[in-house]
Amino acid sequence: MNSSQGRINKGNNIIEFPHEYIIFDLETTGLDPTYDEIIEIGAVKVVDDKVVDSFNTLVKPKYELDDFIIHLTGITNEMLADAPSITEVIPKFINYIGNSILVGHNVNFDINFVYDWAEKLNLKPISNDFIDTMRIGRRLLPELKHHRLTDLADYFSISTDGNHRSLTDVNITMQVYLNLKNMFFNKYSSVEGFNAVLRSFKHGIKARDIKTDKTKFNEENPFYNKYVAITGTLERMLRKDAMQIIVDLGGYCEDNVTARTNYLILGNNDYNPILRGKKSSKLIKAENLKLNGNDIEIMSENVFYDIIDEYKEEYSKE
DNA sequence: TCTCCTCGAGATCT
DNA sequence: CTCGAGGAGA
């Protein structure tokens, strides 16, 4: 419809800890930048993790606040009566942030409001890169059930008194950010180190990294001392869990079909639009090896389940 | 080994 | 939106 779909000039969501940045937060009349209005903007300029300057203003909306927002923020229509309009405030705020990196909690939300107003007023697009404390919090504290600003504040024992006002939330966000920064460098020692961890994560679990603590195996089971690869997505378990069972039965897992592979287990590729109706590269390789007389058996997922069911006691824990 | 793709699931902002 | 799981190709 309008601007809300494009935002082509938006900056990048980055995970960095720069020397200078601006933390900001908006209060609005709702969640949708297309229909809802900004009623408060708060921001602080930070250098070397010390606040050096701040920006704070209420904004008079076109429409009256509803009870939900009055309750949530504590901002009333009376408080907004003499406030400047958004067309007055936005240019000042955009001037204030300049090219600074922006920090906020789920900061996409706030940036989208400002971005759309900049566009509406024909100002230069908001292309600042930004740091999202929610994203970093999720990364660093995956064990937390929720990662709302108040959840992270609670975790770090930061007071949330008076929250849902811009400058207060900016303050909370800053303390959360500094705590996360601390955690980050305790864990990774550098942003580069973190990116390396990220990459290794993305490539998923490697077959050779799956170890068993079993030392005695039932040599009757078909996987004992055999090399096993899997192709496709398994219907009933995660690939890594299937691999764990195989190594617990005394087998060896591989990421690819090779000359020594003894079993290829076929998962389901139907969901994959690229592969639909086609054979995976692993399957083609396995068929060729079989034709060449290799000791390799191609096994459907269901046969795999039958086998592991038969040897359940050998791998099931405790 | 690395880079890029797809899909579904699940949060968060006022 | 972001992430994880998984796959393909170079």
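The points below go through the predicted model of chain A with DNA strand B, from overall confidence to individual residues.

1. Confidence and overall make-up. The model is predicted, and chain A averages a pLDDT of 86, with 89% of the residues scoring at least 70. The secondary structure of chain A comes to 12 helices and 9 strands, and 30% of its 318 residues count as buried. Of the contacts in chain A between residues at least 6 apart in sequence, 70% join residues that are at least 24 apart.

2. The surface near DNA strand B. By residue class, the surface near DNA strand B divides into 9 polar, 7 nonpolar and 5 charged residues.

3. The largest nonpolar core. In soluble globular proteins, nonpolar side chains tend to be buried together. Here the largest nonpolar core has 44 residues, and those with the most contacts inside it are Ile-22, Ile-23, Ile-41, Ala-43, Leu-102, Val-103 and Val-114. Helix 4 (residues 107-120) supplies the largest share of this core, 7 residues. Apart from it lies another core, of 23 residues, which includes Ala-229, Ile-230, Ile-296 and Ile-308.

4. Two residues of the largest core. Ile-41, one of those with the most contacts inside the core, touches Phe-24, Leu-26, Phe-55, Thr-57, Val-59, Val-89, Phe-93 and Ser-166 when residues up to four places away in sequence are not counted. Val-103 has its place in strand 4, and it counts as buried because 26 other C-beta atoms lie within 10 Å, where 20 or more are required. Leaving aside its neighbours within four places in sequence, Val-103 is in contact with Tyr-21, Ile-22, Ile-23, Ile-131, Thr-133, Thr-173 and Tyr-177. The C-alpha atom of Val-103 is separated by 21 Å from that of Asp-161, which is 58 residues apart from it along the chain.

5. Helix 7. This helix (residues 166-188) has 23 residues and reaches 32 Å from its first C-alpha to its last, close to the 33 Å expected at 1.5 Å a residue. Its buried residues are Ser-166, Asp-169, Val-170, Asn-171, Ile-172, Thr-173, Val-176, Tyr-177 and Leu-180, and what covers them includes strand 1, strand 2 (38-47), strand 3 (50-58), strand 4 (102-104), helix 5 (133-140) and helix 6. Two of these buried residues, Thr-173 and Tyr-177, are also among the contacts of Val-103. Just after helix 7, Ser-189 takes a positive phi of about 70°.

6. Helix 9. In this helix (residues 239-248), the buried residues include Ala-242, Met-243, Ile-245, Ile-246, Val-247 and Asp-248. The cover over the buried residues of helix 9 includes strand 6 (227-231), strand 7 (252-254), helix 11 (301-310) and helix 12 (312-315). Just after helix 9, Gly-250 takes a positive phi of about 90°.

7. Positive phi in two loops. Asp-48, in the loop between strand 2 and strand 3, has a positive phi of about 50° although it is not a glycine; it counts as exposed because it has 8 C-beta neighbours inside 10 Å, and the limit for that class is 12 or fewer. His-164, in the loop between helix 6 and helix 7, is likewise a residue other than glycine with a positive phi, near 75°, but it is partly exposed, with 18 other C-beta atoms within 10 Å.

8. Arg-138. This residue is found in helix 5, and with 14 C-beta neighbours inside 10 Å it counts as partly exposed. The C-alpha atoms of Arg-138 and Leu-152, which are 14 residues apart along the chain, are separated by 9.6 Å.

Methods:
Residues numbered from 1 in each chain as written. Chains lettered and ligands numbered in written order. Predicted model: local features only at pLDDT ≥ 70, side-chain atom pairs only at ≥ 80, totals over all residues. Nonpolar A, V, L, I, M, F, W, Y, C, P; charged D, E, K, R; others polar. Helix = DSSP H or I, 4+ residues; strand = E, 2+ residues; numbered from the N terminus. Expected span 1.5 Å × (residues − 1). Contact = placed C-beta atoms within 7 Å. Core = buried A, V, L, I, M, F, W, Y, C linked by C-beta atoms within 7 Å. pLDDT = per-residue confidence, 0-100.
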